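Hello,

Here is the structure we talked about handing over. Please look through it alongside the notes below.

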Amino acid sequence: MSSKKYVIGLDYGSDSARAVVVDTQTGEEVAQSVKHYPRWIEGKYCDPAANRYRQHPLDYVEVLEYTVKNALKEAGSGVAENVVGMSFDTTGSTPAFVDEAGIPLALKPEFAENPNAMFILWKDHTAVKEAAEINDLARKWKVDYTQFEGGVYSSEWVWAKALHVLREDEAVRKAAYSWIEHADWMPSMITGTEKPDQVVRSRCAAGHKAMWHESWNGLPPEEFLTELDPLLKGFRDRLFKETFASDTKVGNLTPEWAERLGLSTDVVVGVSAFDCHMGAVGGGATSNVLARAIGTSTCDIMIADYEQIGDKLVRGICGQVDGSVVPGYVGLEAGQSGFGDIYAWFKNVIAWPLTNILNKSELVNAEIRQKLIDETMDRIIPQLSEEAMKISVDESTILAVDWMNGRRTPDASQEVTGSIAGLTLGSSAPRIFRALVEATAFGSKAIVNRFRDEGVELKAVIGLGGVARKSPFVMQTLADVLNMPIKVAATEQTCAVGAGMFAAVVAGIYDNVEEAQKQMGQGFEKEYTPIPENVKKYEAIYKKYVKLGAFTEKEL
């Protein structure tokens, strides 16, 4: 039998999930497998015009089986029997209602096609009204239960989403016994601990999104929740008081799931966390280093020691939670609701003739037509980036604000919208694209400034994810705007690797995640350094960005 031991990190993103098999001694990514959620990719159960984004639990189950088995097959013989642990990361807040057995309602026949019975994806913004009510009540209450979540509760978070569904859907309301985060459901499902009173809850999910804190004995009290709406009566008692960091064991694979995944019941499963928190660990983040997971949106994670944070409450972020990232440190979360999604939106806007005119043309053979469309769509962003790079900062007269999907931080608001100003008849697609890239960088600067204004030291920046590794134009612009060097993590799968590091701790390979980081980390592949002349110019443009944002928000 091989002396090597392996772990599996499972990363559940917005569109797909991936399983990565990692060597616990070297951090080598032995094999990986990625699969899109089949129903999600068809656009089922979503209504973008209404900001409704739902995912069926069967999507999560099916990709789990596929990716793990496929990754193990790719890894070759001798690996599966030496897998000792596995851990998950997921998007969040992504909750669903469950019955008394802890089964998500959408897995019951009568709710199989009901979007309200499914997992509500992080970017679902149907609960704007409910979030506003939570904020209003929290301001009036004797204790502000949003104080450790930046002082502003978001429609992207669990209580707002749960209340919205309870109000909207009587059938779900009658059947709902409790709710569960996607991050908690995955490990509970495969360890047989899915009953609400048995679920080992993630400190990360509960602290950042559910207003959980030790100082008020867990979740907000029953009187606060029922004052918010009587429909929430009884839920607190059917939820949880304790939460756990990701170095905690949930259980072992059940015989059923061991067989379904091709693994052993000796495999231990750890407590999950949100994707960007695991990504920060996998990307090598240490104290006071801002790790930016840059993809469709951004999630910015930093850890700070207790002495530095003290009694400080950092305004307008997505939470400060003890042990949510690395046990023994306070985890700080911020982020942007739109980043790569903004580029994708612009691509779709300018590609409208391709998808709506050429796609229906009978003048070109259907196969050739589709090939032309696909090839052109794939080249739009790279070509825009290439042309935009040729435009100097001085020539960049267009100004944009990056709130096309609302604003996560600083000061969450899903009611704000994006804007583009300074357009002329000479405004080309590359010039507009450059303004959008600059806007996403300015949104990043607002986050960095907020941390500094609140007295949180920020030593360095790490870039994680697809945009960080694949877009030099975006990353150089970001370095110039932030006036900070940005190191890019070498591994593409930082979230899954971070989950793997925690799995190695839970399996007893390492005593703590800092040891796992040192042994399994892959370092950095590139560093972007600010260009001094651009830094000065962007400082002036940023002031205009702030003014435009304030103006548009005031005029709403």
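Asn-288 is buried, at a relative accessible area of 3%. Keep in mind that this is a predicted model. Asn-288 sits in the loop between H10 and strand S12 (289-294). Its phi is positive, about 65 degrees, although Asn-288 is not a glycine. Most residues other than glycine have a negative phi, and most peptide bonds are trans.

Asn-483 also has a positive phi, near 55 degrees, and is a residue other than glycine. Asn-483 lies in the loop between helix H17 (472-482) and strand S19 (486-489). Its relative accessibility is 43%, so Asn-483 counts as partly exposed.

Two cis peptide bonds deserve a look. One joins Gly-92 and Ser-93, with omega about 5 degrees. Ser-93 is in the loop between strand S5 (83-90) and strand S6 (95-98). Another joins Thr-409 and Pro-410, with omega about -5 degrees. Pro-410 is placed in the loop between S16 and S17.

How many of the eight residues of helix H10 are buried? Eight of the eight are, so H10 (residues 275-282) is largely enclosed by the rest of the structure. Among them are Asp-275, Cys-276, His-277 and Met-278. Just after H10, Gly-284 takes a positive phi of about 90 degrees.

Glu-333 belongs to strand S15 (residues 330-336). Glu-333 is buried, at 3% relative accessible area. Beyond neighbours within four places in sequence, its contacts include Cys-276 and His-277. His-208, Lys-209, Cys-299 and Asp-300 are also among the contacts of Glu-333. Glu-333 and Glu-149 are 184 residues apart in sequence, yet 8.9 Å apart in space, C-alpha to C-alpha.

**Cores**

In soluble globular proteins, nonpolar side chains tend to be buried together. The largest nonpolar core here has 61 residues. Leu-332, Phe-433, Phe-442 and Phe-451 have the most contacts inside it. Helix H15 (residues 429-453) gives the most to this core, with 12 residues. A second, separate core has 42 residues, including Ile-8, Tyr-37, Val-79 and Ala-96.

Phe-433 touches Tyr-343, Phe-346, Ile-381, Leu-384, Ser-385, Ala-388 and Phe-473, leaving out residues up to four places away in sequence.

**Aromatic pairs**

The whole structure holds 23 aromatic pairs. Tyr-153 and Trp-157 form one of them: the ring centres are 5.2 Å apart and the planes stand at 85 degrees, so the pair is edge-to-face. Tyr-153 counts as buried, at 2% relative accessibility. Trp-157 counts as buried too, at 1%.

Tyr-343 and Phe-433 also pair edge-to-face, with centres 5.6 Å apart and planes at 65 degrees. This pair links distant parts of the chain: Tyr-343 is in helix H12 and Phe-433 in helix H15, 90 residues apart. Tyr-343 and Phe-433 are both buried.

There is also a cluster linked by ring pairs: Tyr-12, Tyr-37, Tyr-60, Phe-88, Phe-119 and Trp-185.

**Surface patch**

Which residues form a nonpolar patch on the surface? They are Trp-345, Val-349, Ile-350, Met-404, Ile-420 and Leu-423, with about 470 Å² of accessible area together. Helix H12 (residues 340-350) gives the most to the patch, with three residues. Met-404 lies in the loop between strand S16 (399-401) and strand S17 (419-421). Met-404 is partly exposed, at a relative accessible area of 31%.

Best wishes

Note on methods
Residues are numbered from 1 along each chain as its sequence is written. This is a predicted model: local features need pLDDT of at least 70, side-chain atom pairs count only at pLDDT 80 or more; totals for chains, interfaces and linings use all residues. Side-chain values use heavy atoms; hydrogens and water are left out. Patches are made of residues with over 30% relative accessible area and no salt bridge: like charges are joined within 9 Å, nonpolar side chains (Val, Leu, Ile, Met, Phe, Trp, Tyr) within 5 Å. Accessible areas come from the Shrake-Rupley method with a 1.4 Å probe; for residues, only the protein chains shown count as cover. A salt bridge is a side-chain nitrogen of Lys or Arg within 4 Å of a carboxyl oxygen of Asp or Glu. Helices (H or I, at least four residues) and strands (E, at least two) are DSSP runs, numbered from the N terminus. Buried means under 20% relative accessible area, exposed over 50%, partly exposed in between (1.4 Å probe, protein chains only). A nonpolar core is a set of buried Ala, Val, Leu, Ile, Met, Phe, Trp, Tyr and Cys residues joined through side-chain atoms within 4.5 Å. Contact means heavy atoms within 4.5 Å. Rings of Phe, Tyr and Trp (its six-membered ring) pair if their centres lie within 6.5 Å; planes under 30 degrees apart count as stacked, over 60 as edge-to-face and the rest as tilted.
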